[in-house]
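Thanks for coming, everyone. Let me put the structure on the screen, and then we'll walk through it.

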Amino acid sequence: MENIDDLNSPKIDYVGGIQIEAKNPKSLAEWYSNKFGLNIQMEYEGGYYGGFKGKKVNLHIGIVPGENTEGKSNISLTFHVDDFKAYLDILKSKGIIPIQTMKDNEGQFAFFFDIENNKIGIWGN
């Protein structure tokens, strides 16, 4: 088996895309767009797609029809934010209250559930 840490070997740079299976993709895409500010508006074959572009990384998010998703969480996401307190205040103004907050040597975290019971976190300083 080759050593995946070999500097000359191809390796994963970052997560470029995430797909979320949903009972109601349109409703979940609207929730992420309206509540969290993610641009997930392109519709294609029953799924909704979008994401964001950073300075070094692009993240593509797809919300697609899923089977047996009733009340089951199928993903946990944590998004880094550039201003934790201000972003948390925006979420609170939209009625999105964290179920848990914590702080450690990596920064501050707040956790939520989306409308299909998936755990969502924000992380910042």
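Start with helix H1. H1 lies across E1, E2, E3 and E4, and runs at about 145° to E4. Contact here means heavy atoms within 4.5 Å. Axes are lines fitted to C-alpha atoms, for helices over the stretch in contact, and angles run from 0 to 180 degrees between N-to-C directions. Helices (H or I, at least four residues) and strands (E, at least two) are DSSP runs, numbered from the N terminus.

A word on the source. This is a predicted model, where local features need pLDDT of at least 70, side-chain atom pairs count only at pLDDT 80 or more, and totals for chains, interfaces and linings use all residues. Residues are numbered from 1 along each chain as its sequence is written, and side-chain values use heavy atoms, with hydrogens and water left out.

Now the overall layout. The chain has two helices and eight strands. Along the sequence, the pattern reads β-α-β-β-β-β-α-β-β-β. Of the 125 residues, 34% are buried. Buried means under 20% relative accessible area, exposed over 50%, partly exposed in between, with a 1.4 Å probe and protein chains only.

Four of them form an open sheet in the order E1-E4-E3-E2, with mixed pairing. Two strands pair if DSSP finds at least two bridges between them. E1 and E2 (39-44) stand at the edges with a single partner strand each, so one side of each has no neighbour in the sheet. The twist averages 25° from one strand to the next.

Take the pairings. E1 and E4 (residues 58-65) are parallel, over six bridges. Ala22 has Pro65 in E4 as its bridge partner. E3 and E4 run antiparallel, and six bridges join them. Tyr49 stands opposite Gly62 in E4.

E1 covers residues 17-22, and its side chains alternate. Ile18, Ile20 and Ala22 point to one face and are buried.

Ala29 counts as buried because its relative accessibility is 1%. Beyond its neighbours within four places in sequence, Ala29 is in contact with Ile40, Tyr48 and Ile63. Its C-alpha atom is 8.5 Å from that of Asn39, 10 residues apart along the chain.

Next, the other sheet. Four strands form an open sheet in the order E5-E8-E7-E6, again with mixed pairing. E5 and E6 (100-104) are at the edges, each with a single partner strand, so one side of each is left without a neighbour in the sheet. Five bridges join E5 to E8 (residues 119-124), and the two run parallel. Thr78 has Gly121 in E8 as its bridge partner. H1 packs on this sheet too, touching E5, E7 (107-113) and E8, at about 25° to the direction of E8.

Last, the largest pocket. It is lined by 23 residues, and Phe52, Gly54, Val57, Phe79 and His80 lie nearest its centre. Strands E3 (47-53) and E5 (76-80) are the elements that give two or more residues to that lining. Which element gives the largest share of the lining? E5 does, with four residues.

That's the tour. Thanks, and over to you.

Technical notes. 1 Å grid on protein atoms, 1.4 Å probe; cavity = no way out; pocket = protein on both sides within 12 Å on 5 of 7 lines; lining within 4 Å.
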